[in-house]
Amino acid sequence: MYYENCAVPSAILEIRDVSCALGGRPVLRHINLTVEEGETVVLLGRSGSGKTTLLKTVNGLVPATSGEIRFEGRGTAQWDAVEMRRRMGYVIQDAGLFPHWTVEANIGLVPRLEKWEPARVAARVDLLLETVGLAPAEFRHRYPRQLSGGQRQRVGISRALGADPPLLLFDEPFASLDPITRYELQRQFLELRSTVRKTALFVTHDVREALLLATRIALLREGELESVATPEEFLASRTKEGQAFLACLEDDGRPD
Amino acid sequence: MSPSLAEEILSLSLQHLRLVAITIAIAAAIALPTAVLVARRPGVRRWVLSFTNIAQTVPSLALFGFLLPLIGIGEQTAIVALSLYALLPILRSTLTGILGVDPAVRESAMAMGMTPRQILWQVELPLAVPSIVAGLRIATVTTIGTATIAAFIGAGGLGVFLVRGIAMMDKQALLAGALPAAAMALAFDEGLEWIERKLSAG
């Protein structure tokens with residue numbers, strides 16, 4: 001199992017009995033989920049299952065209506081929101097890069113906000129570009145519109161890794177990429193995880209992606225957490241929603 | 001064209017430009033911060049836009065008339081009235097620019113731990129610049145035209161020729177006022193549009 005490498009797994013993120021209503025409509029109901037250091041927990045669910053909302057309650061983009069979220073042992077209410085978010089990398093679909101900034105400026109954002117020395121920021125940017133497989137000399141000074149979708153997403157991931165945050169949040173980062181680029185980036189993600197050993201919470205509606213990337217899969221259905229399972233356990237899932245997702249695999253078989 | 005006419009055209013053109021420049025400076029100084037303040041407040045925003053809309057619908061000659069007893073004859077009255085007209089295009093385009101920032105970009109900025117102030121100065125305003133320039137362009141071009149009417153309340157500028165031309169049925173005077181004003185408007189339109197295009201591409 002994955003934990004074997006870690007001496008004592010410690011919870012980076014604890015979601016305790018979190019509910020959330022948006023415009024009077026309940027979107028999340030009594031969610032309990034713990035993310036240990038080094039894990040990649042994938043939030044899997046269909047559209048409207050509340051998976052993105054759950055991710056956004058973690059960094060406070062959406063406030064939880066009740067319940068508690070603890071990050072690095074501290075309740076999110078005790079955190080200064082800005083300070084906390086700088087310790088959580090965030091990657092979204094289409095990357096959400098700043099169009100008026102170069103790749104270098106985008107990736108260096110959080111280090112700059114954290115007032116790193118310019119030389120240290122530059123070195124960090126180069127290292128991160130190399131980490132995601134983009135040649136620094138070639139890409140440093142490009143603008144987002146001069147990049148392909150896959151390159152933009154690589155820059156998005158670099159930006160999230162900017163100041164080496166303990167937790168990474170991914171909101172369907174690869175959903176709009178073509179299948180080949182998506183697969184490349186999923187591979188990159190796995191490679192990255194083995195080198196930088198980051199903890200991640202990853203939202204997707206793609207069951208193959210979940211099985212490929214997750215150390216544990218948290219299955220959401222209509223705002224409720226239906227099951228939390230390792231990919232192996234998930235493949236033997238008996239729940240209705242689990243079965244529904246597994247049915248998607250039958251035509252094209254398991255990944256890998 | 002006599003040398004004295006050419007001199008008069010030049011001096012009135014400069015006076016006209018001055019009027020326009022002061023007007024746009026004042027309008028921008030009011031509209032830009034107002035737009036920033038109301039951008040995140042839909043309630044106030046509607047209220048402010050209604051006010052500038054109404055100001056825009058008052059016929060300029062009537063507005064000059066209303067302001068005369070309050071401020072008196074001359075340049076100040078013209079500047080106040082012209083500034084009121086210039087508010088709307090600048091305010092509206094600045095709002096459009098700020099509100100038009102891709103929500104995904106704003107969400108990223110917030111999620112990366114930028115403060116609202118940093119988001120405004122480093123993300124929203126820079127991205128709104130082309131739109132702001134578009135608003136300044138419209139305001140400048142319309143002010144160049146409307147400012148000719150300011151001569152009726154003694155504010156000077158190229159409108160002086162128009163007042164004279166109308167009063168004396170003098171075609172040459174009308175042209176001496178209208179042509180430079182039109183040329184000025186075209187020049188600013190082109191020039192600012194060029195800047196706008198440069199910034200949008202940048």
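Okay, quick one to start: is A:Tyr183 buried, exposed or partly exposed? Keep that in mind while I say that what you're looking at is a predicted model.

So, the tyrosine. A:Tyr183 counts as partly exposed, because it has 16 C-beta neighbours inside 10 Å, and being called buried would take 20 or more. As for where it is, A:Tyr183 belongs to helix 8 of chain A, which covers residues 179–196. If you go looking for A:Glu209, that residue is 26 places away from A:Tyr183 in sequence, and the C-alpha to C-alpha distance between the two is 8.8 Å.

Next, the core. The largest nonpolar core contains 121 residues. The ones with the most contacts inside that core are A:Val42, A:Leu43, A:Leu44, A:Leu201 and A:Ala218. And which element gives the most to it? That's helix 4 of chain B, residues 75–99, with 13 residues.

Let me pick out A:Ala218. Skip the neighbours within four places in sequence, and A:Ala218 is in contact with A:Leu33, A:Val41, A:Val42, A:Leu43, A:Leu44, A:Leu225 and A:Val228.

Last stop, the two chains together. On the chain B side, 13 residues are in contact with 15 residues of chain A. Two elements of chain B give two or more residues to that side: helix 5, 103–111, and helix 6, 116–146. The largest share, six residues, is from helix 5 of chain B. By type, chain B's side splits into nine nonpolar residues, three polar and one charged.

That's my tour, over to you.

Notes
Residues are numbered from 1 along each chain as its sequence is written. Chains are lettered from A and ligands numbered from 1 in the order in which they are written. This is a predicted model: local features need pLDDT of at least 70, side-chain atom pairs count only at pLDDT 80 or more; totals for chains, interfaces and linings use all residues. Two residues are in contact if their C-beta atoms, placed from the backbone, lie within 7 Å. Helices (H or I, at least four residues) and strands (E, at least two) are DSSP runs, numbered from the N terminus. Ala, Val, Leu, Ile, Met, Phe, Trp, Tyr, Cys and Pro count as nonpolar, Asp, Glu, Lys and Arg as charged, and the others, Gly among them, as polar. A nonpolar core is a set of buried Ala, Val, Leu, Ile, Met, Phe, Trp, Tyr and Cys residues joined through C-beta atoms within 7 Å. A residue is buried if 20 or more other C-beta atoms lie within 10 Å of its own, exposed if 12 or fewer, and partly exposed in between; C-beta atoms are placed from the backbone.
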